[in-house]
Structure formats: structure tokens, C-alpha cells
Amino acid sequence: MQKLVVIGAGMASGRLLEQLIEADATAYDITLFNAEPRGNYNRIMLSPVLSGEKSYTEIVTHDDDWYAANKVTTRFGEKVISVDTARKVVVGENGDVPYDKLVFGTGSSAFIIPLPGHDLPGVVAFRDLEDTSAMTEAAARPGAKAVVIGGGLLGLEAAAALRLRGMEVTVLHIASHLMERQLDPAAGYLLKKDLERRGINVILEAQTKEIIGNGRAEQVNLGDGTELPCDIVCMAVGIRPAVKLAQDSGIACGRAIKVDAQMRTQTPDVYAVGECVEYDGNLFGLVAPLYDQAKVLAKTLLGQDDSFVMRELSTKLKVTGCDLFSAGDFADGEGREDIVFRDPARGVYKRLVIENDRLIGAVMYGDTADGNWFFGLIKDGTDIADMRETLIFGPSYQGGAQADPLSAVAVLPPEAEICGCNGVCKGDIVKAIEGGAADLGAIRATTKASASCGTCTGLVEQVLSVTLGDDFVLPTAQPICGCCDLTHEDVRRLIKTKELKSQEAVWQELGWKTRNGCHSCRPAVNFYLLADWPLDYKDDPQSRFVNERNHANIQKDGTYSVMPRMWGGMTTPQELIAIAQAAEKYGATVKVTGGMRIDLLGIQKEDLPAIWHDLNQAGMVSGHAYTKGLRTVKTCVGKDWCRFGTQDSTGLGIKLEKKLWASWTPHKVKLGVSGCPRNCAEATCKDIGVICVDSGYQLSVAGAAGMDVKETERLVDLTTEDEVIEWTSAFVQLYRENAKYLDRAYKWVAKVGLDWVKETLADPATRKALVERFDISQSVYQHDPWAERAVPSEAVKFQPMADLTQEAAE
Amino acid sequence: MNWIDIGHIDDVPLRGARQVKTKVGCLAVFRTAEDEVFAVTNACPHKGGPLSEGIVHGTSVTCPLHNTIFELSTGKSHGVDAYTIDTYPVRIDGDRILLNGDAIAQRSAA
């Protein structure tokens, strides 16, 4: 077997070994030298390691097991002293290794500006794990400061990561805008603003004079007299190919080791790959061409034909939240034209550079979704004359027809993030689909995409549709869950028409596939039953989420929060004293909420009945801050106090709250009553909002201020408080009887249409009947759940059933 | 066998659970719709959610914090992230629930 020696375990040589072994594991007996005491890891992922978002083990590409399994002899932590190309021997610190073929993968080293003080401890590059560890260590000191010299790709990633670690960071950049090789001044400006918003100080046109300190770097001084105290200095001004060993061995070098398109040096049987090579006068720093080189060299070593071809490159910055993309050539020049799109309010900037009806460069900031599509046009040299007018709006505007969301998804690159909650990108989803996942449920189970907040569900469905083509039928109606094939709407309808009045009846009659549902469908069915049959069906606590069963909000540490009701936001000194005493007695953290009440956090489950008892004694009841039910009615002070107030908004708010409290609804219900159109109670982003005016009351519904933000829509204008209470109760009952469980009012209204809601409620008889049904339900459910559970016979259920910690161990 | 009486069957709600404090930490004792009983570690291995507060369906429980589903008879979770919780021998004798003290003693010695 021929002997192959590889010097340097970097990303390029790592890829080379992979390709070589995959193609023919028996071709070579391989020895791998590395001066760093470890093997291949993904150097471009050092930024997330520095910021703490990833650990070192997560970025290892080849571990000891991999080398062992592939019979690669590793000599890590051992420097190569020289290479004798005449005898074909590599001389390591621990002895000679003869070779038949030799590969230089020595990579590059950080360029350190020879400033006074550059050799002080505490001055590091951002090149390897040692640098990263040094920076992490410095960041651990409270109030630590970092100076990053260099505002290019690497420097900014280091700066952002150090900032994430909590350091005060200053970036010094010699040019007049950041990343001047990849960005034009406009995009550079937006990037600077974004970084400053994150608390990173950026100094442009900085002339760094010296680094001073007593035994270690303590301060950076600039030419203009600026002094920057610091705990660490990171120099990220560029890289230099590491070619000393090659030069000393007599291998032909220019700025780096000269290779041809087969990655051969000018010395027989010696090859080079990665950042240490010079090809056709070019050096390489980004990873894509290095991987191309590795692929070519693997073939060359196996005696197959392949040639390295220079490709257009695109750049993305790996700084979360700074969205930039650049590709091609975007310098101004004769015969070049620009198309520029700016939306300063959103911080979006796009610039396309066109020459001879071809796109030759693109810079984008803030919205880079179409970046890869533009990059494709640049690489392919596509004639863009026909789409020039709409080119800047991206692929979804091409092809004549109206914008098709599917085409936008189709052109997304594999690394495009689809699910922000779980960090799932398009490629992961496509892989899952290719692995057999054919619907939303399967995608959620395998990748977790859209399984958290669900806002990306539409996107995931589009990826399914694009990937599967005609095989994917976009479901028109999702079944309630895996337990049953019916939709929520069908289940609601059948519960009414078939008069199903118990859970068992629902399971039997509607063909449930599980014994008694699951955590997803059972709470829904429980609600549908109690909303439709208030006198026949009794709410089942065991079908309620923990908060609604324990009448308090569970927190991440397993303790609970307790929030007494404050009618319309009014309270009294006596109530506040009782709250203060309870907080002290049960060790609560006290928080004033956005819903005009006081939250007592950190209460142990065992203490809940006792604290409820204490609050009950002061006349307070549950605030239902934990239910799919009426939460708060937010009010302003109204005409009793306010010089602009037109009606008694506080009084009306209290009346509404007294009418609606303790009712169960499909999702939470929040109200607001403002005394005038200045709207201090922010009523127009609630589920139901009342704006008082001179002539009466404007009742509006279906607002939102959560995952979505939406203004309410006017339902009706009324003249008396009684009318407001009647219409509000009728609306809530209509919502209770018709909405899908866990649809907020605005989602339900969007489905049924505001016109239908208006029409239904406009009929006095219908309205009256709805209010009557609401009142019947309230006759069952409107009582304080805390008082019921504070009595000793119920309170005991909040304790452990047994305590065996004192049992003698046998 | 050292079976410890931990309470009446009706102390645990149908399709519900109660906590039992032991030397090996808090256990959750479940009672299904069919009156089967199970005892498992109370804390979900994911983020420590109290499983005794989860919704019980069939012979499974859903963690109240992040919806991981555990099969009570085996202690194994469904879905992508495979978690396993300890299960403890428990049985019904008449209307009393008995927990195996030996299993707990062994676990605490281990």
C-alpha cells in the first residue's frame, strides 16, 4: 500500500481524508500530522463556541474513533521539523515518516500587526481553540472589556460573540466602513448601526498605535489619543498562508504554495490544499473553495481526472440578527448600473450591480431571503433584461403571474431557517421528507419544526408541498389530533347535534382511537362539553392543564404564581396590606403585571390553599390569571378623575368584570375600557375593547397583542352601559359556543367573519338567548375556585400523599 | 418484600397522580382510568417538570412543562428525544396502594 502523509489537520485536509477514504479506503496508508494537539474540527464554528451557543465537542468533525475506524495514524501535538523531498521523508519531532505522496494542509496563521505590545499576554488572534479559550476566560470576569482589532468577517463574529458573553466590546477598523471587501458603504453603515444597537462600540478609520500594560495587555491607545482600557485584545485583521515549512523544503511558493488545477505543487508527489495554496495568483480564505480543492485532490491522488475551477463566492455573516449577504463584484465602474432598494424604517437595503444585462454583484442587508437566487443569477450569467424592472423584488415577482409563496420557498437555500424556535432549517426538513416524513405531524415528530410556537406551520407545509410536489395534498382541515380523524369544528358540531354529554360518549360515538384522548384533545373536548351542556356535564379537572387544575400558574422551577383579582384594577389599602403580608409569609417575589394586578411568584404547591385562605380573608378571589377564561378588564380612571374622560370607564370595567369572571372560554379573554379615544387602557388591542365617547360607547372585538398584533374591529356603537354589558356577554357566549379550543377571539372572528358575528348579534332575540345561556353557565361556574380549595378537606390534596423519607431502609 | 402502605386508592384521582416523598426524591403515583397504578420519578429528565401534574391518558402521562409523553409502565418517552424515567413496583391491595420499599432502598443505596 502506498504511504500518504498529510501535514495539518484543518478543514480542507479533513474533507480530503473523508473523500479519499470514502472513494477507496485501501488506496493509502495514511499518517496525519497536526501541531495542535487535536484532530479536525469545524473552524468556522468557533464563533458559536466563543459566544457559548455551541460547545467544542459539537464542532468536532472527526474524533479519535473516526481516525481509528479509518486506520489513519495520527501524530497530533507533534510539529514537523522538515521535509526531505529527495529521500521522500517527513521529519517529525518524534521521528521520520517516509512517504510516497505528501500533502501540505498547513493552512494559515493569523496575521498579527507588529504594533508595540503585540506580544503581550492577553493579545490573541481568533484562529483556534486556544484563542477561543483565552477569550472565554477573559469574558468570565465581571465587567470585562475587549478590544477587537479588525472589522472584517472574523473580527465582527468575534466581537458579537464576546458581547454575547457579556463583555464591553470595542471594534477598531482601519477602513471607513465595516467589511469593506464584502459590503458597500451603505450596507456597512447599516451593519454598524445594528452592532451599536447591540452595545458594540465601533470606531472606524482607527489608527491603532500601541498596546500597553503591566505584564499583560491592559489598554489600547489610538493615534488620535483615544485610550481604550481592556482585559483582552483580539487581533482579527487577516490571515497569512503558513508556508514556511514548504519554503524550507524547497517547494515553489509565491505568496503561498503554488499549485496547478490538480493541486500538484512543482515538486513531484507533493500536493497542497486549503488556505496554504496559491492558484492562478489567488489565495483562499472561505470554506467553499477549500472543499472544492479537497474534492479535486482526492481524485488526483486516486489517479482520476478533475480540475479545480474558481467559483463566484457569496458571504454571510454568522452573527445572529445581523442579516447580510454579498456576492460578486459591486465596485462602481463604467458601464455598470445599480438597482437600489431602501426601506430605512425596516433597516433593509438591497443593491444589485448590472453590467451588459447580466447581474454581476449583489449586496443585501436586513432582508437576505432572495440572496441565493441572486447568487445563482450571478454564477450562471443569466440575461436579466426581461425581468429587470422587478428584479430587485426577487424570484417571487418573476414569471408574470402573481406572487406565489411556493416559489419563494422553492428557491430558499437548504440552510435557510424555517423554524426559529427549534432552529430547524429547510435542509433538515427536506432530509426528513426524503426519509419518509410525508405530513406535518411526521415533520414535527422527526425535526421538531413548527412544534413549538407554530407560526412557521405554513412554511413547513410549503416545504412539504415543494419537495413532494403532487404527492402532497395540503390538508384543508387538520384533524383534532392523532386520536381522532375529525376536525375541531366537526367534533363541536357532533357534540351538539348528537347531544353527546360526557367524555365517554364522545370517545365512543366519534370513533376515538385512544382510550381517553391525549393532552391535546382531552382539554378541548372537556371545554366543548361544558360550554354546550353546562347543566349536564361537569368540568373535569383531570382534563385540564396543570394551571387550570391547580388554579395557579406553574413556573419553570415547579413553583406557582398566585394573582388575586383586582376588579377593574381598583384596590384598597387593606387589600394591599393583605397581599404584602401574604408575600412575606410565603416568601413570594412580587411583580406588578401588565393587566393591572399584583403577581406573587415562587409559591410552593403545598402552600397554595393557605395563601388563598389568607387572601380570601381580605375579600379577594382568584384572578384567573391561569385560565382559558376571563383574565382582566383593564381600565383608565375615567371621567371621575380625568379631565378628558367622557364616561365612567372604571365603573363600566368593574361591571363587565363582575359579569364575566370565572367563565371558561376557548382561550383567554382580556378586555379594556378606555374613557376617551386617547385610549389609555389600550382597549383596541384586546379581545374585546370599549372606547367611551361623548355619545356613548364604541364596542370593538378581535384585537391581539401577543404573537400577532392586531387592532380590534368595530362591532357596534351603543349608548348605555347595560347595552355594552349585554352585547359583550352575547359576544363571549357566541365565542364559547363556536370557536375552536385555543383559538383567541381574533382567530375565530377571522375564520367566521366579522360580518357573520355582527349579523348574528344584531338580532335582539338571538342576543337575548345568548345572554341567557351565558347566565346559565355562570350560575354553575361563577364562584371562587380558591375558596373551594382552601377548606381543609380539599387543601390536603395539595400535599404529598405520603412521606417515606423517615422510613428505615432495610 | 417490603410493601409500604402509602394511602387509599381514592387519595389519587382517576386519571391523575399524587406525589410521594422518598429517600430517592419525589415519586409520582398514578392512577389510570382503569384503576391501574404506577409509580415513577416525579421529575421529567428534560427540564424537571413535575410529572404528577401532567395529563394522564391511557397509561401515559404528558409532562406539564414541555409536553414530553412518558409510557408509565416502562418509563420510556415517545418522540425524538428519548428519555427514560425510573419506575417503581407498586400495587393495589383491596383499596390500599402499596409501594415496594425494597426497590427504593436499593435505588438509594446505588
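In strand 8 of chain B, which residue is the bridge partner of Val40(B)? In this predicted model, the bridge partner of Val40(B) is Thr87(B). The pairing to which this bridge belongs, between strand 4 and strand 8 of chain B, runs in the antiparallel sense and comprises 2 bridges.

Chain B contains 1 helix and 10 strands. Along the sequence these elements follow the pattern β-β-β-β-β-β-β-β-β-β-α. The radius of gyration of chain B is 13 Å, close to the 13 Å that the globule rule gives for 110 residues, so chain B is as compact as a globular protein of that length. Its C-alpha trace spans about 35 × 35 × 20 Å along the principal axes. Of the 110 residues of chain B, 51% count as buried.

Strands of a sheet pair through backbone hydrogen bonds, in either a parallel or an antiparallel manner. An open sheet of 5 strands, with mixed pairing, has the order 39(A)-2(B)-3(B)-4(B)-8(B). Its edge strands are strand 39 (802-803) of chain A and strand 8 (87-88) of chain B, each of which pairs on one side only. Strand 3 (residues 25-31) and strand 4 (residues 37-41) of chain B pair in the antiparallel sense over 5 bridges. In this pairing, Arg31(B) has Val37(B) as its bridge partner in strand 4, while Leu27(B) has Thr41(B). The hairpin formed by the two strands has 5 residues between them, and Asp35(B) takes a positive phi near 65° there. Strand 4 of chain B is mostly covered, with 4 of its 5 residues buried.

Positive phi values also occur in chain A. Most residues other than glycine have a negative phi. Glu499(A), although not a glycine, has a positive phi of about 50°. This residue, Glu499(A), lies in the loop between helix 15 (488-497) and helix 16 (503-509) of chain A. His624(A) likewise is not a glycine and has a positive phi of about 50°. The loop that holds His624(A) lies between helix 20 (608-617) and strand 32 (630-635) of chain A. With a relative accessible area of 5%, under the 20% limit, His624(A) is buried.

Helix 14 of chain A was examined for its length and burial. At 1.5 Å a residue, the 12 residues of helix 14 (residues 457-468) of chain A should span 16 Å, and this agrees with the end C-alpha atoms, which are 16 Å apart. The buried residues of helix 14 include Thr457(A), Val460(A), Glu461(A), Val463(A), Leu464(A) and Ser465(A). Gly469(A) follows helix 14 of chain A and has a positive phi, near 60°.

Rolling a probe the size of a water molecule over the atoms shows where empty space is left. The count comes to 3 cavities of 30 Å³ or more. The second largest cavity has a volume of about 50 Å³. Chain A contributes Lys605(A), Glu606(A), Lys797(A), Phe798(A), Gln799(A) and Pro800(A) to the lining of this second largest cavity, and chain B contributes Arg18(B) and Gln19(B). By class, this lining has 4 charged, 2 polar and 2 nonpolar residues.

Technical notes: Residues are numbered from 1 along each chain as its sequence is written. Chains are lettered from A and ligands numbered from 1 in the order in which they are written. This is a predicted model: local features need pLDDT of at least 70, side-chain atom pairs count only at pLDDT 80 or more; totals for chains, interfaces and linings use all residues. Side-chain values use heavy atoms; hydrogens and water are left out. On a 1 Å grid over the protein atoms alone, a cavity is a set of points where a 1.4 Å probe fits but cannot get out, and a pocket is an open set with protein on both sides within 12 Å along at least five of seven lines; lining residues have an atom within 4 Å of a point. Grid points are joined across faces, edges and corners, and a volume is the space filled by probe spheres set on the points. Ala, Val, Leu, Ile, Met, Phe, Trp, Tyr, Cys and Pro count as nonpolar, Asp, Glu, Lys and Arg as charged, and the others, Gly among them, as polar. Buried means under 20% relative accessible area, exposed over 50%, partly exposed in between (1.4 Å probe, protein chains only). Two strands pair if DSSP finds at least two bridges between them. The expected span of a helix is 1.5 Å times one less than its number of residues. The radius of gyration is taken over C-alpha atoms; the globule rule is 2.2 Å times the number of residues to the power 0.38.
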